[in-house]
Amino acid sequence: MKTIQKVSVIGAGIMGAGIANSIFKYGFEVKLFDLNKELLEKAVSDIKSKARRKMDPEKITMAASLEEAVKDADLIIEAIIEDLDIKCKFFKDLDGIAPEGTVFASNTSSLSISTMAQASGRPDRFIGLHFFNPAIIMRLVEIVVPKGFSPEVYTAVKEFIDNIKKTGVKCIESPGFIANRILIPLINEAFYVLDEKIKVSNADPIDVANDIDSAFLKEGILLMGPYDLVDITGIDTTYKVTQVIYEGFNRSPRYIPAPLLKNYVDKGWLGRKNNRGVYYYENQANDPDLNPCLNGKGEKIRRLEDPGFQTIELVASIVNESFRVLEEGIVDDFNDIELCMELGARWLKGPFVLARNIGVDVIHAELKRKYEKSGNNPRYEPSGLFVELPGQLKGYFAEA
Ligand SMILES: NC(=O)c1ccc[n+]([C@@H]2O[C@H](COP(=O)([O-])OP(=O)(O)OC[C@H]3O[C@@H](n4cnc5c(N)ncnc54)[C@H](O)[C@@H]3O)[C@@H](O)[C@H]2O)c1
């Protein structure tokens, strides 16, 4: 397999432009193409105008057609609309015009790589390259390998990802890949907890959310709590990923999207982007300093010094899901999960460090408590690794 030198990026939107820039930055030849010519021109001129002096501006070009974009590419990265039928048709057509040896990659954040690989007609040369937003800054790339992938192709792609100074983590294809797979149960469970607390105590949902977000902030687990996070990501976007994971696991009751999450979407409470999510906002900026969370009276919300919420309720879900990812053989090593959550989700601590700090036995006991209390709800069924892992990791957890 040839070393990857020339790359085409198709789609010059948020992700495509960022990916092209990340590749150009390290001296590779990049051709960018988008059906929207105006957007394409803007993306290329923005990248050139921000280029450092030692970078050769000739190395990034915009292609006038898809044929021109891909004609001598070693790797083609697709970053078009998130729609499986459209992506499958795109790759089927691409197979007819791209050179035989070219590797195809999709930047999908949730769709089936195997389905696209089959549609492309070259399943052995197809891979998922899940860059995170903003691609120029975020170091993580989940390298998603579908069934029947060629190890040779994986090695060439991994080397290329290393060459653009990103951290590539190999992930055997599975719904949600790694970071979203672990993030979603946190958000989903946060909405189940919110729902329960509102119903039981008739509390104001914003007060409950603030208590929980304050607890996460105080314990320094994430940069922000789950409701702050979902308001930034978009509640509709998050809900779509919960559905993809639920469908991907054949509607397993373990992954049923929280009804309250759907309620927010139905009400049009989508997050910061439309000034109402779990909290209220005044303008659409994502920066919490410029656009603080407000309550229903328009008052700025103050995070609590002494929140009453015990984060273990939600942390248990994170750790359980991480153990499942390891148990299912999606990653080679538990450190890959730590990398994904620290670099992709920007967690301050990865789930295995959390488990080590809190105590695997303490988290296991919490899950068993919730499992029994809920009448054996599969959401809380502990992974088998709670028993096996401390032995397998040779003292890792005991060293805390
Ligand atoms: N936005 C994110 O945070 C994020 C993060 C990771 C992955 N992704 C994935 O990256 C992909 C792109 O997302 P985005 O946010 O950049 O979308 P976007 O809407 O900003 O950009 C998509 C671009 O693709 C172009 N396009 C559509 N069909 C095309 C075609 N057939 N040929 C050429 N260009 C075409 C559109 O004109 C548009 O400019 C999606 O699969 C998305 O799931 C997005």
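I note at the outset that the model is predicted.

Strand β1 (residues 6–10) and strand β4 (residues 75–78) pair in the parallel sense, over four bridges.

I next examined the pairing of β1 with strand β2 (residues 29–33), which is parallel and comprises five bridges. In this pairing I located Lys 6 opposite Glu 29 of β2.

I followed the chain from β1 to β2 and recorded that β1, α1 and β2 form a right-handed β-α-β unit.

I checked the cover of β1 and found the strand mostly covered, with four of its five residues buried.

I turned to the chain as a whole and counted 16 helices and eight strands. I found a radius of gyration of 22 Å, close to the 21 Å that the globule rule gives for 400 residues, so the chain is as compact as a globular protein of that length. Along the principal axes, I noted that the C-alpha atoms fill a box of roughly 60 × 50 × 40 Å. I recorded 47% of the 400 residues as buried. Of the contacts between residues at least 6 apart in sequence, I found that 65% join residues at least 24 apart.

Finally, I inspected the surroundings of the ligand. Of the 22 residues around the ligand, I listed Gly 11, Gly 13, Met 15, Glu 82 and Asn 133 as those that come nearest. I found that helix α1 (residues 14–24) supplies the largest share of this shell, three residues. By class, I recorded 12 nonpolar, eight polar and two charged residues in the shell.

Notes
Residues numbered from 1 in each chain as written. Predicted model: local features only at pLDDT ≥ 70, side-chain atom pairs only at ≥ 80, totals over all residues. Near = placed C-beta within 6 Å. Helix = DSSP H or I, 4+ residues; strand = E, 2+ residues; numbered from the N terminus. Nonpolar A, V, L, I, M, F, W, Y, C, P; charged D, E, K, R; others polar. Rg over C-alpha atoms; globule rule 2.2 N^0.38 Å. Buried ≥ 20, exposed ≤ 12 C-beta atoms within 10 Å, placed from the backbone. Contact = placed C-beta atoms within 7 Å. Pairing = 2+ DSSP bridges. Right-handed = clockwise from strand over helix to strand, strands pointing away.
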